[in-house]
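Good morning, and thank you for making time for this item.

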Amino acid sequence: MGTRLLAAPPEGSELKPVRGAPGLPYIGNTLQVMRNPFGVARERYDQFGEVSWGWLLGQRTVTVQGPEAAETVLINRDKAFANGPAWSYFIGPFFYRGIMLLDFEEHLHHRRIMQQAFTQKRLRAYLDAMAPSIGKGLDAWEPARGFKVYDHLKQLTLDLATDVFMGIELDRAEADRVNGAFIDAVRAGTAYVRFPVPGLRWHKGMKARKVLEEFFKSNLPAKRRDGGDDLFAALCEAQTDDGDRFTDEDVVNHMIFALMAAHDTTTITLTTMAYYLAKHPEWQERLREESQALGKPVLSFEDLDSMVSIDMVMKESLRLVSPVPALPRRAVKDTSILGYHIPAGTTVVVPQLTNHYMSEWWPDPEKFDPGRFSGERREDKVHKYAWSPFGGGAHKCIGLHFAGMQVKSILHQLLLRYRWSVPARYEWPLDTTSLPSPKDGLPVRLERLENTA
Ligand code: HEM
């Protein structure tokens, strides 16, 4: 495929043009990137270096590889890169005015208020609220061969979302209606037909958005009045020192977005951990011993830092399978990345999934080796953006401590109740066409342990 330049740099500037092998207009390498993101990224890096371009999902897209380029884009010093126009292309109609889709001053205003829903005091309350629901959810698992871990974890985190995020008692039918709408809204983002044809994903997503809006709107007055220990109440109450608060509409938009931001990401992290712990039983035993040694059936906030092995496995799993595989941005003015000219209007993507596999930054990147995050080794310290599953800069994941808490709390309780394994030669078929997930649901042999805690 021929090499083409994205655009000529302005005359007299010392900037270099971005090169690429873009392929057919609109289609380009989309299929290859989806099927084999690692191979394509390596090939492009070897041919063009950190900054290259191609057609991706119907857009001219500049892909920036490696932590230095990631830092330039995410730190965004001269405010050249915007989230809204880039993310809206994928999820705009369904996650309208979610905080990740806001930019610059407006984003900062919302972020300051939202921060109040993620204080240590709030996090403690969320953790205490979720512990019993986790136990109940896990107790209902039925040990079997071919037990689909991914499907069960997805259901568990969805049920937790109803408790900890909404704090609303729902009967099963209502919970299924709201959860179903939520799932349709998330799926719509990966629709191939990107306009509303009745019965297809996009159309279902639009309908689902309406269901969710009505649900949160109708529950909002009671939430504002009664408060609570859930995220919905926290967003209603959140207030900055300057007295800024969210409007009713803001609360609804942020709730719908937060559910989405939290759900699949946490499920993918837990599933990846379950996969590697099944493939590496010595690590599973090590984690189980750590949990048993704690001598408590559930984790409290104070215990989180002492779960050192779970922490290392979580970090390594987030490196190997970054739940948000790529971060898109749109250049809102002419700018540059590592000396390359980026014209206004260009879509720029930071591919976290493949960045975590660069042998330039990670020794033996394909290997599951949680010890690389141990105090003595800290391989992630090679660059601030070498390990960045939570992104960076102004939009860095606001829920990262929440995620750590939830993952550790679930894994601790899981390790105390069950052992799981896969045949030695099993390799999971990872689907990378959307957010990464196992095509087969990750079937394991699940056994209940005699003594829990
Ligand atoms: C392991 C789990 C998680 C991962 C890997 C993850 C990853 C990310 C990433 C990469 C971003 C930045 C997107 C960008 O810059 O374009 C982000 C943003 C965000 N995440 Fe998470 N996330 C996780 C869990 C959560 C949870 C549990 C919550 C809520 C409780 C949450 C709420 C958010 C929100 C609200 C934003 C937007 C922040 C902003 O734009 O200011 N995330 N997340």
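Is Cys 397 buried, exposed or partly exposed? In this predicted model, Cys 397 is partly exposed, because 18 other C-beta atoms lie within 10 Å, and a residue counts as buried at 20 or more and as exposed at 12 or fewer. Cys 397 sits in the loop that runs between helix H14, residues 352-355, and helix H15, residues 400-417. Leaving aside residues up to four places away in sequence, Cys 397 touches Phe 390 and Gly 391. The UniProt record, an unreviewed entry, lists Cys 397 under "binding site".

That brings me to the ligand. Which residues come nearest to the ligand? Of the 22 residues around it, they are Ala 262, Thr 265, Gly 391, Cys 397 and Gly 399. Two elements, H11 and H15, each give two or more residues to this shell. H11 gives the most, with six residues. In composition, the shell around the ligand divides into 14 nonpolar residues, seven polar and one charged.

Let me turn to the nonpolar core. The largest nonpolar core has 103 residues, and those that touch the most other members are Val 64, Val 73, Ala 185, Leu 235, Met 255, Leu 259 and Ala 274. Helix H11, residues 248-279, supplies the largest share of this core, 15 residues. As a general point, nonpolar side chains in soluble globular proteins tend to be buried together.

Not counting residues up to four places away in sequence, Val 73 touches Val 64, Phe 81, Arg 329, Ile 337, Val 348 and Val 350. Arg 329 belongs to strand E7, residues 327-331.

How many of the residues of E7 are buried? Five of its five residues are, and the strand is described as mostly covered. Both faces of E7 are covered, with Leu 327, Arg 329 and Ala 331 buried on one side and Pro 328 and Arg 330 buried on the other.

Finally, the partners of this strand. E7 pairs with strand E5, residues 81-82, in the antiparallel sense over two bridges. E7 also pairs with strand E10, residues 347-350, in the antiparallel sense, here over four bridges. Arg 330 takes part in both pairings: Arg 330 stands opposite Ala 82 and opposite Thr 347 in E10.

How values were computed:
Residues are numbered from 1 along each chain as its sequence is written. This is a predicted model: local features need pLDDT of at least 70, side-chain atom pairs count only at pLDDT 80 or more; totals for chains, interfaces and linings use all residues. UniProt positions are given in the numbering used here, feature names are shortened, and annotations may be inferred rather than shown by experiment. Two residues are in contact if their C-beta atoms, placed from the backbone, lie within 7 Å. A nonpolar core is a set of buried Ala, Val, Leu, Ile, Met, Phe, Trp, Tyr and Cys residues joined through C-beta atoms within 7 Å. A residue is near a molecule or strand if its C-beta atom, placed from the backbone, lies within 6 Å of it. Ala, Val, Leu, Ile, Met, Phe, Trp, Tyr, Cys and Pro count as nonpolar, Asp, Glu, Lys and Arg as charged, and the others, Gly among them, as polar. Two strands pair if DSSP finds at least two bridges between them.
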